[in-house]
Structure formats: structure tokens, C-alpha cells
Amino acid sequence: MGKDALLSQFHSVAADPLGYARDWKARNGGPVIGSFPMNFPGEMVHAAGALPMIIQEAQDQITVGHGLLFPFYCGFTRSTVDQAAKGDLAVLDAIMFGDHCVQLLGAADAVRVQLPETRVIFFQLISSMCDPWTFGRARETFLGLKVELEEFLDRPVDDDALRASIRLFNRNRQIIREIYELRTAGKTDLSASQMQDIVKSSMVMDKAEHTALLEQLLLEIQAGADQRRGLVRLHLSGHFCQAPKQEILDMIEECGAVVVGDDLYHGFRYISTDVNAEGDPLDGLARWYLDRNTGVPCPTRVQNDVDWDAFLIDAMKREEAHGMIVLMAKFCEPHMYYYPEVKEAFEKHNMPHLLIETEHESMALEGLKTRVETFLEIVKRQHAAKTAIPA
Amino acid sequence: MNLVTSQPKVANKLKSTRMAGKLVNEYWDMVFRAKEEGKLVCWYEGSAINPFLEAADICWVHGEAYSAMLAARHQEGPAQQAAEERGYMKELCSYARTHLGCAVTNQRNRNDADTGVTNVPDDDDLAAKLPAPDMIISAYAYCSTGQQWDEMTSRLFGKKIPIFNVSIPWIWASKKDAGYIRGQEWDETSKYVERQLYDMVKFIEERTGKPYPWDRLRELMGNVKRASELRLEAMDMCTARPAPASFFDWVVSIAPINNLPAGPEIVEYFQAVRDEVAGRVAAGEGAVPREKYRLFFDGIMNWNKVGWLAEKFARYDAAVIAGRYTHMAFWQEPDLIDARDPVLGMGQNYLICPNNHSSPILVDLIMDLCRKYEVDGMVIHASRTCRAFTNPQFLIADAASKRLGIQTTMFEGDVTDESFYKDELVNSRVEAMLEAIDARRMAAA
């Protein structure tokens with residue numbers, strides 16, 4: 001299969017994740033277990049022989065969901081509740097959630113009421129990351145999740161199977177990280193939307209199937225080279241639970257930028273960290289949970305000895321990015337809390353950034369385009385001034 | 001139609017609650033003097049950990065209480081503006097924005113002082129008057145905002161202030177034995193919180209450099225327990241017709257049970273409230289002189305509008321009798337507190353924040369209150385920036401309609417940001433609900 005065909009397959013799954021789940025179920029007959037973002041150990045479900053998939057924001061208009069959550073909630077929570085109310089999530093045999101965000105908790109409550117026949121499994125991960133008991137509590141939570149999964153699926157999740165799933169998931173993450181490196185180094189011309197398709201389909205597809213496709217893609221793109229020279233190199237930041245709309249990503253690149261790195265959840269954040277495949281797998285998963293936040297800090301967690309703003313500045317230096325666009329999902333409270341820290345740090349370091357607030361509903365792209373074009377002009381001038389050879 | 005004009009007041013507020021204003025003023029004066037008196041200051045939000053601090057002679061500042069006080073005095077503007085200038089967006093919890101605005105103001109003044117610019121806040125500038133923290137303790141049930149707000153406070157002060165986090169899990173209640181304050185999940189979660197509270201005490205000892213005075217905590221918790229019992233007894237008497245006190249009287253009484261010094265004064269306060277309520281029941285005196293409707297208030301308080309809303313409903317002859325905010329929180333289960341060994345019971349009361357049980361339990365509790373107080377309708381305040389309270393509101397409205405057959409109405413407002421409140425919408429929606437109640441009564445007759 002050629003590069004375009006592979007990318008097309010990733011795109012199809014990313015565009016219709018529930019359709020993929022239905023097909024997978026028809027092909028395999030096994031249960032499908034959905035999960036809320038962002039810290040779901042899919043390895044555990046995979047080891048039990050089920051398909052883990054991360055529930056995605058749908059692209060259609062929210063209708064009946066308006067009767068369950070107020071309009072001042074983020075697009076992901078409103079869309080998830082809307083999908084549940086419309087019956088779209090019926091393909092899921094169970095839904096797991098364990099995050100801390102108050103809007104996600106509200107959505108989970110509403111989903112449980114809408115889907116009385118679907119098991120909604122809750123495991124609340126500790127969100128305070130540097131307490132002496134954080135590791136132990138995270139492990140305890142994963143153990144509780146494992147016990148409930150085993151009970152629900154009526155089959156044990158043995159340690160060897162879990163370690164095998166961890167190795168497979170690690171391989172999947174490693175290949176995507178390799179693709180990221182190629183893109184940062186200018187050795188592939190994959191667009192931001194194509195990168196999103198790769199990551200988003202990984203959240204949905206059978207991992208072995210997805211990994212096989214990734215192996216092929218890696219071979220294909222290593223043969224090519226990035227033709228996009230002279231463009232403004234950008235880092236994209238933010239957007240946690242939901243994927244940014246592809247029309248925004250495309251618009252940014254059409255304005256004369258190339259995205260060379262990101263910390264989006266539907267991006268590098270998702271694949272940043274591997275799980276130790278040796279030893280006790282629950283220890284490995286608990287360690288992974290902690291390591292992810294030191295690797296790519298997340299404002300949904302609190303960790304006083306880790307700074308997201310410092311991470312972003314380092315990432316931009318590593319990626320040789322000229323500027324950063326912050327994509328903030330409207331009403332995302334953790335992001336709103338942390339943003340002033342990022343803003344202050346970037347101003348202090350004289351690093352340009354632009355904040356774009358995104359919405360589930362359609363956005364006025366033309367107005368945004370003007371802002372992005374202006375921003376890119378500023379970035380170009382600043383970059384030229386910094387790199388100019390003194391007379 | 002604006003019903004709140006310069007006409008004589010209709011709402012018959014409890015006279016005893018006037019004492020609350022005096023106690024509140026004395027408490028904040030104590031806070032403002034704390035640094036001069038050489039006291040350590042701890043900022044915290046959410047759970048009422050203040051007895052732990054008070055026992056150790058640490059001055060406590062409850063973020064929501066300060067923000068609410070500013071809003072009730074219509075002095076929240078400068079703090080909210082300072083927060084906005086730093087980049088905190090309007091859609092963030094306005095309690096947090098207001099309190100963070102105080103931190104921003106404090107840091108600005110300190111930085112100005114460093115540069116030699118004299119910037120002594122004037123006495124009326126309450127955003128600047130709040131003493132900076134020497135420690136932060138985060139112990140927030142249910143809402144992720146609490147923990148993030150504390151973390152950002154710590155960062156605003158350059159991460160130089162020690163911070164301690166107590167994690168309080170949500171009660172999901174999916175196990176077969178799950179229920180209100182019972183079942184395996186409840187027991188395990190209670191123990192988990194208790195363990196962390198003991199670690200929190202070690203953190204306090206490290207800050208004070210002294211052994212923790214457990215006897216003092218026991219004494220304070222004895223007062224809290226008694227005050228809580230009196231408060232609940234008085235609330236129970238409001239099943240009488242007409243209701244002797246209103247939801248708004250209980251709102252005014254939050255500070256004494258939640259964050260004021262836990263000395264004998266709070267017992268005296270609630271004894272006075274209880275006695276006045278009992279006297280009114282005996283005399284047939286109502287909080288609303290011509291009680292025609294009995295309502296339940298779901299949602300957090302709109303602190304800019306306490307008196308305004310009390311008067312508005314009274315003019316409609318509507319007694320707002322009970323609410324999720326007042327009747328399901330604030331040391332709500334005194335029987336769980338063993339004053340001789342109070343830590344577990346304190347943790348359990350923190351777990352009974354009005355939102356910390358998932359909807360099956362939460363909705364049942366609210367329906368029970370509506371039945372108990374025999375309400376005709378429910379007013380739902382959708383507080384724009386308090387998603388902890390708005391999360392289950394559609395489920396609550398649905399249950400009220402289907403299980404109890406009562407009318408509900410919703411209006412949008414906010415805890416401390418007045419700009420989200422639209423008075424005309426409140427009028428038209430409340431009037432529509434009351435007319436629907438009338439129509440039902442006529443049909444039933």
C-alpha cells in the first residue's frame with residue numbers, strides 16, 4: 001500500500017471512529033470498550049481481548065445533548081453527551097472514565113443516565129502528581145480498574161498478556177514518535193491534519209492492525225523528503241481531550257507555516273511515553289501515568305515541580321520552531337487556568353505566540369485567517385531580526 | 001417588571017442572623033491583622049479544614065468566602081479586573097478569578113515596593129488587604145477547579161509557598177451496596193481521606209514547628225458538632241406552614257458554620273437562630289408574610305444578589321424554603337463527628353459536599369428534601385462559571401418533573417460575577433412558573 005492509501009485509511013478511521021468500532025465488532029465479535037480521555041490504559045482492555053477506543057468529539061451539530069449539558073461546557077463533553085443521547089454510542093459495551101475535570105464528571109453522569117444498558121466504569125486517578133502516595137494511589141486505581149474489567153468481561157487479564165499488550169502499544173507509540181522526528185527534521189511533508197489522522201486512528205483502531213499500517217507508512221515516508229522550505233516553523237500547543245478541527249490546521253499551514261512539533265493530545269502528548277514492559281505491569285502503568293506528566297506536562301494535573309511553560313520553551317528550541325499557536329478549546333478550565341503562566345513565560349523569553357480559542361460549532365475561519373497571517377508576518381520579522389548578521 | 005423598588009421590604013428575615021454580619025466582620029478584621037500579630041496565614045478553598053488550622057493558631061483564609069464577601073459588598077470589581085489583566089478568562093470560576101485577583105494585586109504591590117514605588121493599599125481596597133499566604137492547603141471535593149486554582153495561586157507567588165494537596169475522590173456509587181454514606185466505596189474513600197488528613201496535620205506541624213494541639217481540635221469540633229445540630233434542628237422546623245425561615249436566611253448563616261472561628265460564638269449563634277425559628281413556628285410567623293408558594297432553590301448562591309433575590313421572591317409571596325447549597329452541605333452530618341476522635345468524621349463531612357455524590361444519590365437526596373418541605377416548584381440557578389453545581393441540573397429538573405410532578409424554572413447567573421445575571425429573565429421565568437402552579441391548583445380544585 002502506498003503512502004496516500006495508508007494516509008487515506010487513517011483518515012477514514014479518524015473521521016468515523018464509531019463506524020470502525022462497528023466494523024471491528026462485526027469482524028471479531030468481541031466487545032468494544034470506550035474511554036474518556038486522557039489517561040486511559042488501553043493496554044489493559046487489549047490484554048482482555050476487547051477493543052479499546054477513546055471516545056471522540058463528533059463533528060455534527062449538538063442537538064438533543066443541549067437538554068443535558070449547558071452550552072457553556074467544552075465541545076468534547078457536550079458532544080459526548082449528545083452522542084450518548086442520540087444512541088450513537090450503542091456500539092460500546094462499556095465506557096470507562098477516570099479523569100478529574102469537573103466537566104468530564106458531569107458528562108459521565110449524564111452519559112450513565114442516557115445509557116442504562118451500558119456499563120460505565122469509573123476510576124478516578126489522583127491528579128496531584130508529586131505527593132508521596134501518588135504512585136501507590138495510581139497503582140491502586142489501575143488495580144481496581146483491572147478487577148472491574150475482569151468482572152465485566154468475565155475473563156482474567158493475566159500479567160503476561162498485559163505485558164504483551166504493553167509491548168505492542170509501545171511499538172505503536174515508538175513509530176509515531178519516529179514520524180514526529182522525521183517531520184521536525186524536515187524529512188517528511190506530512191501535514192498537521194495527516195499527523196492528527198495518524199494519532200487519532202491509533203486511539204481507535206486495533207493496535208496490531210494500526211501498527212502494521214504504521215510500519216508501512218514509515219518505509220514510505222523515509223523515501224521522501226520535505227519540499228516545504230522557507231515556511232514559518234510552528235509549534236502547536238493545547239487542545240486536550242478533543243482534536244482540533246482539521247480546517248483550522250489546514251488554514252494555519254496554508255497561511256505559510258509548517259507545523260514542526262506539538263503537545264496536542266491528538267498529537268505528541270498521546271504517544272509521548274512508553275510503559276515499562278518488564279516486571280509488574282501495574283507498576284509499569286502507574287509509573288507511565290506519572291512519567292507522562294513530567295514528559296509532557298498537562299494542566300489538568302497539578303505538579304509543583306514541573307512547568308508546562310518551561311517544557312514548551314524547551315520544545316520550541318529543540319524543534320527550532322519560530323513561533324507557537326495555542327489552540328484552546330472554549331470553556332476548557334484547566335487550560336484557562338494555566339494559560340497566563342504560558343503567556344508570561346513566552347513574553348519574558350520574547351517568543352511569539354498566538355492564542356486561538358476554538359469551538360465545537362463552526363468558526364469564522366476568514367477572521368481567524370487574518371489573525372494567523374498577521375501573526376506569521378510578525379514571527380517572520382522577529383526571526384529575521386534574530387538571525388540577521390550584524391553589519 | 002422590576003419588583004424590587006424602594007417600597008418597604010417584604011421579606012421577613014430572621015433577626016438573629018444580624019449577628020452573623022458582626023461575626024463576619026470580626027473574623028475578617030482578625031485576618032487583616034494576622035501578619036501584624038505574627039501569625040502564619042494559610043489559604044485554602046473548598047472543604048472546611050479551618051478547625052485544623054484554628055487549633056494550630058494559624059490564620060485561615062477560605063478563598064470562596066473572601067470572594068463571596070467581596071461580591072456581597074459589591075467590591076469584587078478590582079480583584080476580578082486584576083485577574084483579567086493577568087489573562088484569567090471570564091469563563092473561569094469567578095470565585096477563583098476573584099481570589100486569584102487578590103493574589104495578583106498582592107504580588108503587584110510587592111513588586112512595586114521592590115522598585116521603590118510606594119504603593120500602600122488604601123483601607124477600602126479589599127483586593128489588596130488580604131494577607132499573603134505562608135502556606136496553601138488544597139482539599140477540594142468534586143470540582144477540579146479547586147486544585148488548579150490552588151496550584152495557580154502557588155505559582156503566582158513564585159512557588160515559594162509550601163503547598164499540600166488532599167485528594168477527595170468523587171463517590172460514583174455503582175456498586176450494589178452503594179448509597180448515601182454507606183457501602184464499600186464510601187468506607188474505602190473515607191479511610192483514604194482520613195489518612196491524608198493525618199498527613200496534612202504533619203505538614204501543619206512542620207510549618208508551626210510545634211506538636212499538633214489535638215485537644216484544641218477536639219474542643220473546636222465539639223462546638224462545630226453542636227452548632228451543626230442546632231442548625232439542622234432549625235432547618236427541620238421549616239416544614240411548618242408558613243415556613244419560619246427562608247433559604248436566604250440559611251445562606252446568610254453559611255459563614256458561621258463554614259469558616260468563622262469555631263468558638264462558643266457559633267453555638268450561641270445557631271442557638272439564637274434555632275430559638276427564633278421555634279418562636280416563629282409557635283406564633284405562626286413566616287419568612288414570607290403571605291406564603292402562597294413553597295419553592296426549592298437548586299444551585300449555588302449568587303452572592304451579589306442575596307438580599308435582592310430574597311426580596312424578589314417574597315414579593316411574589318413565594319417562600320424559598322430549602323436548597324441544595326444550604327441543606328446538603330456545611331458539616332451536614334454531625335452524627336459522623338466524634339469530637340473525641342474527629343478526623344475520620346471530618347473527612348467524611350468533606351466527602352458530603354453537595355456535589356460529591358454522583359447523580360443517582362444526589363438526585364434522590366434532593367427529591368427527599370422537596371418532599372419533606374412540600375414544595376410546589378423548583379428554581380434552578382445555572383451559575384455560569386460553577387460547573388460543579390450546574391453539572392446535574394438537567395437531571396435534577398427532569399426528576400423533579402417526573403417523580404414529583406412539580407414545576408421547575410431555570411435562570412442564569414453566577415456566584416460572584418454579576419454580569420451573567422439578567423434580572424428581566426428571572427422575572428419572566430419565575431412568573432411563568434408561578435402561573436403554572438396556579439393553573440395546576442385551579443385544575444385540581
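Trainee: Leaving aside neighbours within four places in sequence, which residues is Ala322(B) in contact with?

Mentor: Phe247(B), Leu295(B), Phe296(B), Phe297(B), His327(B) and Tyr373(B). Contact means heavy atoms within 4.5 Å. A word on the source: this is a predicted model, where local features need pLDDT of at least 70, side-chain atom pairs count only at pLDDT 80 or more, and totals for chains, interfaces and linings use all residues. Residues are numbered from 1 along each chain as its sequence is written, chains are lettered from A in the order in which they are written, and side-chain values use heavy atoms, with hydrogens and water left out.

Trainee: Why is Ala322(B) called buried?

Mentor: Buried means under 20% relative accessible area, exposed over 50%, partly exposed in between (1.4 Å probe, protein chains only). Ala322(B) has 0% relative accessibility, so it counts as buried. Ala322(B) sits in strand E6 (residues 318-323) of chain B. Strands (E, at least two residues) and helices (H or I, at least four) are DSSP runs, numbered from the N terminus.

Trainee: What makes Lys159(B) partly exposed?

Mentor: Its relative accessibility is 30%, so Lys159(B) counts as partly exposed. Lys159(B) lies in the loop between helix H7 (144-156) and strand E4 (163-168) of chain B. Its phi is near 55 degrees, a positive value in a residue other than glycine.

Trainee: And is His239(A) buried or exposed?

Mentor: Buried, because its relative accessible area is 2%. The phi of His239(A) is positive too, near 35 degrees. The loop between strand E5 (232-238) and H10 of chain A holds His239(A).

Trainee: How many disulfides does the structure hold over all chains?

Mentor: The count is 0. A disulfide is a pair of cysteine sulfur atoms within 2.5 Å.

Trainee: What about Cys42(B): where is the closest cysteine sulfur?

Mentor: In Cys59(B), at 9.2 Å, so that pair is also too far for a bond. Cys42(B) is buried, at 0% relative accessibility.

Trainee: What makes the pair Asp307(A) and Arg155(B) a salt bridge?

Mentor: The rule asks for a side-chain nitrogen of Lys or Arg within 4 Å of a carboxyl oxygen of Asp or Glu. Here the closest N and O atoms are 2.6 Å apart, and the pair forms a salt bridge. Across the interface of chain A and chain B, the rule finds 6.

Trainee: How much area do chain A and chain B bury between them?

Mentor: About 4500 Å², with 57% of it on carbon and sulfur atoms. Buried area is the accessible area (1.4 Å probe) that two parts lose on being put together, summed over both. In chain A, Phe72(A), Asn304(A) and Tyr337(A) lose the most area to chain B, together 18% of what that side buries.

Trainee: How many residues of each chain are in contact?

Mentor: 51 residues of chain A touch 51 residues of chain B.

Trainee: Which peptide bonds are cis?

Mentor: Among them, the one joining Pro37(A) and Met38(A), with omega about 5 degrees. Met38(A) is in the loop between strand E1 (32-35) and helix H3 (42-47) of chain A. Another runs from Arg241(B) to Pro242(B), with omega near -5 degrees.
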